[in-house]
Amino acid sequence: VGVTAALAGSPSQRSTGALFSLANRVALVTGGHRGIGLEIALGFAEAGAVVYCLDLPSSPDESWRMVQSWAASLPEPNSGRLEYVSGDVTDQKAMWEVVEKIVEKEGRIDVCMANAGIVHVAECLEYPAEDFKRVMDVNVSGVLFTAQAAGQQMERLGIPGSIIMTASMSGTITNPNQHSSAYNISKSAVLQLARSMACELAPKGIRVNTISPGYIYTDMTRSILDTQPQPASLKEKLGAQNPMGRFGRPDELRGAALWLASDGATFCTGSDIKVDGGQCAW
Ligand code: NDP
């Protein structure tokens with residue numbers, strides 16, 4: 001049965017362009033308004049998807065204007081588009097409603113990029129309880145609630161969807177100067193959550209994978225650098241902590257995310273793709 005199923009779906013029957021196309025697909029990207037999430041959202045839209053970028057509901061008008069300006073940067077002709085949606089990933093009911101509305105409007109959801117995340121820098125012995133809880137809420141519960149909402153709709157609609165979670169190299173290795181134990185724990189949890197979900201959802205045809213970025217130069221990285229006593233020298237050190245000797249750029253996550261979202265990765269589930277300049281290999 002396994003051999004027959006494999007032969008029946010031989011990808012060699014399809015062109016490479018079609019394999020990586022997201023035309024007629026609908027995607028949700030949490031934390032899709034800036035940093036890594038924005039670049040991934042733009043990548044999905046360029047590949048033809050309708051992409052809903054979600055962030056916190058703090059300033060919807062401003063966010064909508066920003067999404068419109070990014071949408072204008074997409075190359076023409078392009079069948080994809082960006083849409084704005086707000087919500088707090090830590091609110092399970094709200095995330096269900098967000099995905100339900102997307103499905104009501106678009107008729108489907110194919111790709112879910114659970115990317116929103118936060119960091120809080122503090123030493124283990126002094127880690128404030130509230131900050132610890134908040135990091136866990138956003139980075140672990142938020143990823144679960146996002147993936148749950150999308151996964152339930154994919155299952156209901158019989159869609160062979162792709163759920164991608166943004167983990168981190170910090171889920172695998174520890175950076176001594178970073179003082180972000182809660183963040184590291186939360187990212188280890190995301191890696192394990194993805195593996196568990198991948199096993200449960202594989203029989204339903206839904207794939208679940210993670211991407212583990214190394215240091216990528218975004219607002220989050222800047223916030224870590226700002227808390228360090230010697231920002232200038234530390235910045236250099238952090239950037240050099242991988243074989244490539246530099247920070248990554250947010251756009252360097254696009255390829256891995258597009259591959260996992262696309263039919264190019266139909267036999268890939270429960271995997272972690274490291275995009276870290278080789279840092280975890282050291
Ligand atoms: P940014 O700080 O630039 O962006 C974080 C995004 O998450 C923002 O859009 C933010 O929305 C959103 N967000 C935060 N909390 C919530 C919430 N409760 N509900 C909805 N949205 C929320 O971070 P990065 O782009 O750097 O990071 C993106 C992901 O990549 C994170 O999961 C991070 O842990 C991970 N990562 C980043 C690395 C790096 O070096 N930058 C390295 C490894 C992993 P808003 O704009 O409204 O605040």
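## The core and a central strand

Leu28, Met154, Ile163, Met165 and Val208 touch the most other members of the largest nonpolar core, which has 36 residues. Such a core is a set of buried Ala, Val, Leu, Ile, Met, Phe, Trp, Tyr and Cys residues joined through side-chain atoms within 4.5 Å; buried means under 20% relative accessible area with a 1.4 Å probe, protein chains only. Apart from this core lies another, of 33 residues, among them Val29, Leu42, Phe44 and Leu258.

This is a predicted model: local features need pLDDT of at least 70, side-chain atom pairs count only at pLDDT 80 or more, and totals for chains, interfaces and linings use all residues. Residues are numbered from 1 along each chain as its sequence is written, and side-chain values use heavy atoms, without hydrogens and water.

Because 7 of its 7 residues (207–213) are buried, β6 is largely enclosed by the rest of the structure. On one side sit Arg207, Asn209, Ile211 and Pro213, on the other Val208, Thr210 and Ser212, and all are buried.

| Partner of β6 | Sense | Bridges |
|---|---|---|
| β5 (residues 162–166) | parallel | 5 bridges |
| β7 (residues 272–275) | parallel | 4 bridges |

Met165 has Thr210 in β6 as its bridge partner, while Ser212 stands opposite Lys274 in β7.

Methods. Buried means under 20% relative accessible area, exposed over 50%, partly exposed in between (1.4 Å probe, protein chains only). Helices (H or I, at least four residues) and strands (E, at least two) are DSSP runs, numbered from the N terminus. Two strands pair if DSSP finds at least two bridges between them.
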